[in-house]
Amino acid sequence: MTLLRYTISRFVQAIPVLIGISFITFVMVNALPGDPVAIMLEGQEVDRETIEAVERRYGLDRPFHERFVTYMLGLVQGDLGYSFHRDMPVSQLMWIRLGPTLMLVFSAFVFALVTAVPLGVLAAKRRNEPTDHVSRLVALVGVSTPSFWIGIMLILIFAVWLGWLPSGRLVYPWRDPAHYGFDGRLELYYQTIRHLLLPMVALGTLQMATIMRIERSSMVESLQEDYVQLARAYGVPERTILRKHAFRAAQLPIITIVGLNLSTALGGAVLIETVFEINGMGRLLIQSIQQLDYQVVMGVTIVLATIFVIGVIITDISYAYVDPRVSYGDRE
Amino acid sequence: MNQNTILSVDGLRTHFYTEQGVVRAVDDISFDVRQGEIVGIVGESGAGKSVATTSILRLIEEPGEIVAGEITYQDTTIVGFDERSDGTLVPKDEMLTNRQMRSQVRGNEIAIIFQDPMESLNPVYTVGNQLQEFIELNRDLSGSAAKKEGIDVLREVGIPEPEARFGDYPHEFSGGMRQRVLIAMALACRPNLIIADEPTTALDVTVEGQILNLVSDLQEEYGTSFIWVTHDMGVVAEICDRVNVMYLGKIVEQGPVDEIFYDTKHPYTKALLESVPRPDRTVDELNPIVGTMPSAIDPPRGCRFHTRCPDAREACREVDPQFVDVSETPDTEHRTACIKYDDVGYWDSVPLEHASEQDTSYIDEDQRPENRDLEQTEGEP
């Protein structure tokens, strides 16, 4: 089977998973206390008939399974319901909020990988030397410090005391520069980076620390493999051994951990968006829960779950790409 | 030193500094390798065979260290020490630097074949990629010329359809085929000496036979010298010209293969030979060596084999046996380190009780206070 067919089959396999996630979310939102009609009509003097009329209009009088089927039929057509609070379709809301969250999570992983992989390799190369001890200590601190606290500290130091960087909100590179009153694309990108820096570091620190620890131990193991010894015995320079012979096979655990940690990063984004006042999915989720905006809560949950499933699929595909031993599911 | 000697190891000591103590994995061994011959190094697991061969390539890693001795390859000094006035040893000036070792010796002069063909190839690169890299590093060939050479060598070691197999990954090869690939790697670099570290141990017997035949043929064709590390006396009989028998970091007997087999001197060699079936002898029962090898951290005093030796006497506990020439004719160079053949009072000494008969009493012997430190731990780290 080719990589393309493998990719397609993995996506097809994801469909039942997504249906399952939607079902569980639907059940849980239904089990929440509070009456959506009462919230909708809050502050108005209404009689019993009006309430029933509203319930009929939105299908709330129908049994649970019928409502679920209706919701799923809407879902496959891209209809996630309507937010009464914000007075707009949930799907439209998702489109606006998805960008900031993806930008934040993606940049956090880029930051984590760019820093953690070289540091992990260096620590493995200088095992049990001061470099190694320092990097392991940093990793330990990084793993055990909550990201929102790091966020608050970063704001305090770099925004409040030093005043180097803005304390919150993001600038989106896909917007028109005139929207922010910037001179051109270049300034827009510059401001994007300036605004992204602190939340990226706050969210990425945990990932960086985790990846660094795995990278170190994986490289240490890899450097002791027979095939690395063989390369040494054939006169391969140590630089090439690190870069080629030990490195590639050592990256397999990293790929796994990045895929799995997508969930912690999305969860972390909820906090970081709140700390940095970023209008992404996470902040929307928190606000919607507080406002009992059920449709939005469901929509956000399903979209985040979908992102996670896609992330895991991408992990599997890159794993197959890096490790030739992974079969594409051939039955011979 | 013989005129044809290409590698000479003299008084080599390689120690490992572990938390439990100093492991004397290789403790004063000397042997040489001549042009075009196959030299065997035989012994039980933990005797220090692999450490000895890795020392030749200077691939000993922390916490191991070559602490004494000289290794000379042709005219270059791989390992050598000068003694300073205060008695400490410092590396000789003419000793090759690490960079020289890498660029001048490893691969192009001395190549190695490891024990486990399953672990010796990188799983994420194609066989051809690794083979071509080693050829490009060690010979003046690059790109397509190196690739062509790689395919030719694969064909020579008996890999069918080498053009197609060149681009396959290691997991697509069987164990025997992978060992052929590793032999191809060694041959492709056109070294003068190939160290084969138990290359057939992980293979099944039929494949082992094929590989041994292949090596014999290739050896005749190329005239390459081999150091063949093994614990299998049968393999030694099949391919080796001369043999070194190692026990607990020391060589106890060395000589031409026929001398070792038919005029065995050292009790350990005898014991090794009695523990394997031989087509030229009929026995009712095989006679394995009793006990396990003591730890190389605190080896027995006197002769290191005395705790397990059937011929041991009181003198063996005290006297450290020196190499004695036991050659029948002047040029056989048969030597052994056993005081039976030296005039140090073996024959006047009382036999050690435990070893006089092979029963369970040796267990009690191990429990005696003076022997309690001979705990049955692995000799090699």
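Residues are numbered from 1 along each chain as its sequence is written, and chains are lettered from A in the order in which they are written. In this predicted model, local features need pLDDT of at least 70 and side-chain atom pairs count only at pLDDT 80 or more, whereas totals for chains, interfaces and linings use all residues.

**View 1. Overall form of chain A.** Chain A holds 14 helices and two strands; helices (H or I, at least four residues) and strands (E, at least two) are DSSP runs, numbered from the N terminus. The C-alpha trace of chain A spans about 85 × 65 × 40 Å along its principal axes. Of the 332 residues in chain A, 31% are buried, a residue being buried if 20 or more other C-beta atoms, placed from the backbone, lie within 10 Å of its own.

View 2. An unreviewed UniProt entry lists five stretches of chain A as "transmembrane region": residues 12–32, 102–125, 137–164, 252–276 and 296–322. Such annotations may be inferred rather than shown by experiment. Residues 12–32 of chain A are 95% helix and 0% strand, with end C-alpha atoms 32 Å apart. Residues 296–322 of chain A are 100% helix and 0% strand, and the end C-alpha atoms of this span lie 39 Å apart.

**View 3. The open sheet of chain B.** Four strands of chain B form an open sheet with antiparallel pairing, in the order S2-S1-S4-S5; two strands pair if DSSP finds at least two bridges between them. Strands S2 (21–34) and S5 (76–79) of chain B stand at the edges with a single partner strand each, so one side of each is left without a neighbour in the sheet.

**View 4. Strands S1 and S2 of chain B.** Strand S1 (residues 5–18) of chain B pairs with S2(B) in the antiparallel sense over 10 bridges. Opposite B:Val9 stands B:Phe31, which belongs to S2(B).

**View 5. The contact of chains A and B.** Chain B contributes 23 residues to the contact and chain A contributes 18 residues; two residues are in contact if their C-beta atoms, placed from the backbone, lie within 7 Å. Helix H2 (98–105), strand S8 (110–113) and helix H3 (127–138) of chain B each supply at least two residues of the side of chain B that touches chain A. H3(B) gives the most to this side, with three residues.

Conventions: A residue is buried if 20 or more other C-beta atoms lie within 10 Å of its own, exposed if 12 or fewer, and partly exposed in between; C-beta atoms are placed from the backbone.
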